[in-house]
Amino acid sequence: SPYEITKRVIQELGGMGNFVSKQDIVMVKPNIGWNRTAEQAANTNPEVVRAVIEMALNEGAKKVIVMDNTCHTAQDTYRRSGISEAAKKAGAEVRFADENRLVVHDFKGTRVKKWLVFKDFLEVDKFINVPILKHHGSASLTIGMKNLYGVIGGRRGKLHRNMGMSIADLAAGFKTDLTIVDAYRILKRNGPIGGRMSDVELKKTVIAS
């Protein structure tokens with residue numbers, strides 16, 4: 001199951017205790033961008049998210065927050081993806097992106113220098129990136145770094161013009177403590193939104209680094 005595979009991959013890295021300490025406030029950042037079901041493989045699998053939350057809390061985390069800056073309407077994507085329900089059941093606080101909480105962050109990059117970031121992602125002790133591996137029309141393939149688009153606000157579409165440099169700048173200028181890639185089901189075509197089950201391939205894989 002995606003839940004058990006996720007727990008196993010973290011065990012292979014020595015356990016969540018290598019990344020999360022007691023009383024840490026932990027941000028878990030899945031891809032919740034699209035109004036799609038888990039089976040359509042556009043968003044992170046909710047069972048992967050549940051496993052990450054439980055492991056962080058078991059290590060004594062003071063709080064785990066789950067949040068994303070979505071592309072489709074957040075209330076729809078959080079619900080239909082199954083992530084909101086899974087996160088709440090696991091004991092996490094589920095937040096929506098609030099544009100009143102945007103602040104300027106200096107990424108010190110070549111393409112992305114100063115950009116608006118939601119304070120929620122900066123006011124935590126640990127940041128765990130939990131993307132889904134899938135096809136992307138602009139990037140060919142999205143694995144880990146592209147998911148960081150969900151921490152920023154502003155006109156994100158501008159960063160699609162030179163996406164390779166943009167995602168490199170985001171990753172270099174924003175600290176990630178752990179990346180867990182959901183490759184349980186992957187979208188082979190028509191990403192990042194998908195929709196057709198014929199575009200989905202079952203891989204039963206989770207990658208962590």
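1. Let's start with helix H4, which covers residues 83-90: Ile 83, Ser 84, Ala 86, Ala 87 and Ala 90 are its buried residues. These residues take up an arc of only 165° around the axis, so they sit on the same side of H4. Keep in mind as you look that this is a predicted model.

2. The face pointing away from the buried side carries Lys 88 and Lys 89, both exposed. As for the buried side, its cover includes strand E1 (25-30), helix H2 (46-58), strand E2 (63-66), helix H3 (74-80) and strand E3 (93-94). Just after H4 comes Gly 91, with a positive phi of about 105°.

3. Lys 108, in the loop between E4 and strand E5 (114-118), has a positive phi of about 60° even though it is not a glycine. Is Lys 108 buried or exposed? Lys 108 is exposed, at a relative accessible area of 67%.

4. The loop between strand E9 (178-187) and strand E10 (200-208) holds Pro 192, and the peptide bond leading from Gly 191 to Pro 192 is cis, with omega near 10°. Asn 190 is in the loop between E9 and E10 as well. Asn 190 is not a glycine, yet its phi is positive, near 60°. With a relative accessible area of 41%, Asn 190 counts as partly exposed.

5. Finally, zoom out. The chain has five helices and ten strands. Its radius of gyration is 16 Å, close to the 17 Å from the globule rule for 209 residues, so the chain is as compact as a globular protein of that length. The C-alpha trace spans about 40 × 40 × 30 Å along its principal axes, and 53% of the 209 residues count as buried.

6. One more thing about the whole chain: among contacts with a separation of 6 or more, 71% come from residues 24 or more positions apart. As for charge, the chain has 33 positive and 22 negative charges, and their mean positions are 5 Å apart.

Terms used: Residues numbered from 1 in each chain as written. Predicted model: local features only at pLDDT ≥ 70, side-chain atom pairs only at ≥ 80, totals over all residues. Heavy atoms only, no water. Helix = DSSP H or I, 4+ residues; strand = E, 2+ residues; numbered from the N terminus. Rg over C-alpha atoms; globule rule 2.2 N^0.38 Å. Buried < 20%, exposed > 50% of the residue type's maximum accessible area, 1.4 Å probe, protein only. Contact = heavy atoms within 4.5 Å. Lys, Arg positive; Asp, Glu negative; His and termini not counted. Charge placed at Lys NZ, Arg CZ, Asp CG, Glu CD. Arc of directions from axis to C-beta.
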